[in-house]
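Please read this briefing alongside the sequence and the model.

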Amino acid sequence: MPGAGGRPGGRPGGPRRPRRKGRRRRNREELQPQGIATYTPQDAPVPEGEVVIERGSTAKDLGPKLNRSAADVVRFLLQQGEMITATQTLSDDMIELFAADVAAAVRLVDPGQEQEVGLQQLLAVLDEEDENEEDLRLRPPVITVLGHVDHGKTLLLDRIRSANVAGDEAGGITQHIGAYQVEKDGRLLTFIDTPGHEAFTAMRARGAEATDIVVLVVAADDGVMPTTVEALAHARAAEVPIVVAINKVDRENADPDRVRQQLSEQGLVPEAWGGDTIMVEISALQNLGIDDLLDNLLVVAELEDLRANPEGRAYGVVLEAKLDVGRGPVATVLVQRGLLKVGDPMVAGAAWGRVRALIDDRGDQVKEAGPSVPVQVLGLSEVAEAGDDFVIAPDDRTARRVGETRGQYARIKNIAADSSAITTGVKLEDIFEQIQKGEAATLNLVLKADVNGSLEALTDSLRKLEREEVKIVFVHRAVGGISENDVQLAATTGATIIGFNVRPDRKSRDLADTEDVEIRTYEIIYQVLEDIGNALVGLLAPEYEELITGEAEVREVFRVPRIGAVAGCYVRSGTITRNAGVRFLREGTIIWKGTVNSLRRFKDDVREVAAGFECGIGLSDFQDLKPGDVIETFARREIPRS
């Protein structure tokens, strides 16, 4: 039945209207300007001490840090004639004016630095924990092997670890940092193998900074070289004991005494001559003197009395980082104190995440790693920068905040630097012609590498090639294969693409041909430097053109007794020929090189298979086949350059 006022349900319509008006009246009263008059900064105490405030903060950011609301900040600035909103960026003057009014001490920092302050406070807490001497325990020494290229550093570690690493390195030159643990007389020693080529100065310096003892390898037949002196300078800068390994004493022209004399001139006087430097004669090839070297390293470590707290939050350094297909970002880290455990929230530079897995130097998964232990870490949000410190954060939220803020700040700086530097560049092959005309040239480069350490070393080395008439600008630098986006960016900026241990896929190659973008790929770093250096002085040597003869996609993998894995493939382009040179690509990254060992169509052996047909391909010495991988065959042809 209709109620009073004619409304259904017996609810009179008359009383509802006054209630609505009353609500509107109260809302208007709440918004009256006289609310400003009731604002008193002294209502709540401000935080004691110096408060860190980021430049560009909003009222919403600033208020809570000074125990005020965003509305308090807005009201005060309105009184000062500044028309701002709660989400509008404040100038430095506005921030300092409000801080002075509430009697707060503030320090303005650039975006991202506030998180650094928090991280430094966390490290200070770790330092305090380490000051408790009864918690310190003996730890293995971290030993860095330094020396000139081809003086036998990696072969020495092969003997120590009874493993073959040198055979896996392109050109026999170590190009990535590796860290390994060995046992001698029941005690552990951690070795860091650093590249010997002078281009890896930054990586070698990083290794010296993370070490307790330096082993300086000098070939008895070659003597002290410029890179040897450079490595010695890094060791001295790190203020660590130096043990000299005089290698290749088995050679006919070996002269260990000449090496001792040369090192004495550099300030390293051997013990046999009355000095304090241990010098051990060895032959890594013949496995001579290795035990003597290890015994001396254990003695030096004992004298150093190396200790660290094996409990609490872990802290250390990133030795190397890369993007691994299937596992994501992988960082090789050296724990310097504390206990690193699976599940810990980690931050390393701009990378952050919860530790998903720890893998030791033997490839086994472990649940924790203590001081002086090198491990690979899985679970970070992105590829960390080699050389970054890592620390275990109090929680995931803190790790994420620190990492993301660092990343954002780094991107802002890079964008600002790159945008001011990038101009239209010229091709590498044309640059000398422009120089001869008396014009200043800009060489724009898109730089892609397989791991972060190589990317950093290559960048530093190329910057040293700059001349007065040639400026080198890095339009883009990243880890991973050469993509279509890289080609498009190079086409827009007139850049040359340099790939180090990575390759373009077929679509990227086709796009590069269409856009006339120059792509140069290398596997040895000094070849990159030689090519670009020669181009800058107009001395380009005859060029070897690489012809991609065929490309096949792995569809299935078959296991054949006494033969191993055979790839069931579909030939996408060109022709696959038996005994042709092969690159095996996974996500655009070279993971193996060799030859086509066998080629079959159904049950018949064939010499070649053309595009559009299926075939079975057996590769020499490679069994890690997966569907989706790409087998690329190639041939090289020399092209004379004028």
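A crossing is left-handed if the near helix is turned anticlockwise from the far one by less than a right angle, and right-handed if clockwise. The model is predicted: local features need pLDDT of at least 70, side-chain atom pairs count only at pLDDT 80 or more, and totals for chains, interfaces and linings use all residues. Residues are numbered from 1 along each chain as its sequence is written, and side-chain values use heavy atoms, with hydrogens and water left out. Helices (H or I, at least four residues) and strands (E, at least two) are DSSP runs, numbered from the N terminus.

**Packing of H15 and H16**

- The crossing of H15 and H16 is right-handed.
- The axes of H15 (residues 484-493) and H16 (residues 506-515) come within 9 Å and cross at roughly 15 degrees. Axes are lines fitted to C-alpha atoms, for helices over the stretch in contact, and angles run from 0 to 180 degrees between N-to-C directions.
- H15 and H16 are therefore roughly parallel to each other. Angles under 35 degrees count as roughly parallel, over 145 as roughly antiparallel, 65 to 115 as roughly perpendicular and the rest as oblique.
- H15 contributes Glu 484, Val 487, Gln 488 and Ala 491 to the contact, and H16 contributes Lys 507, Ser 508, Leu 511, Ala 512 and Glu 515. Contact means heavy atoms within 4.5 Å.
- Four of the residues in this contact are nonpolar, two polar and three charged. Ala, Val, Leu, Ile, Met, Phe, Trp, Tyr, Cys and Pro count as nonpolar, Asp, Glu, Lys and Arg as charged, and the others, Gly among them, as polar.

**Packing of H4 and H5**

- H4 and H5 (residues 92-101) pack at an angle of about 100 degrees, with their axes 11 Å apart.
- That angle makes H4 roughly perpendicular to H5.
- On the H4 side the contact involves Asp 72, Val 73, Phe 76 and Leu 77, and on the H5 side Met 94, Leu 97, Phe 98 and Asp 101.
- The contact of H4 with H5 has six nonpolar residues, no polar ones and two charged ones.

**Burial of H14**

- H14 (residues 452-463) has 12 residues and reaches 17 Å from its first C-alpha to its last, close to the 16 Å expected at 1.5 Å a residue. The expected span is 1.5 Å times one less than the number of residues.
- In H14, 10 of the 12 residues are buried, so this helix is largely enclosed by the rest of the structure. Buried means under 20% relative accessible area, exposed over 50%, and partly exposed in between (1.4 Å probe, protein chains only).
- Among the buried residues of H14 are Asn 452, Glu 456 and Leu 462.

- Pro 256, Val 259, Arg 260, Gln 262, Leu 263 and Ser 264 are buried in H10.
- The cover over these buried residues includes strands E7 (213-219), E8 (242-247) and E9.
- Trp 273 lies in the loop between H10 (256-265) and E9 (278-281), and is partly exposed, with a relative accessible area of 41%.
- Not counting residues up to four places away in sequence, Trp 273 touches Asp 257, Arg 260, Gln 261 and Ser 264.

- Asn 67 has a positive phi of about 60 degrees although it is not a glycine. Asn 67 sits in the loop between H3 (59-65) and H4 (70-79), and is partly exposed at 42% relative accessible area.
- Asp 516, also not a glycine, has a positive phi near 60 degrees. Asp 516 is in the loop between H16 and strand E24 (519-522), and is exposed, with a relative accessible area of 52%.
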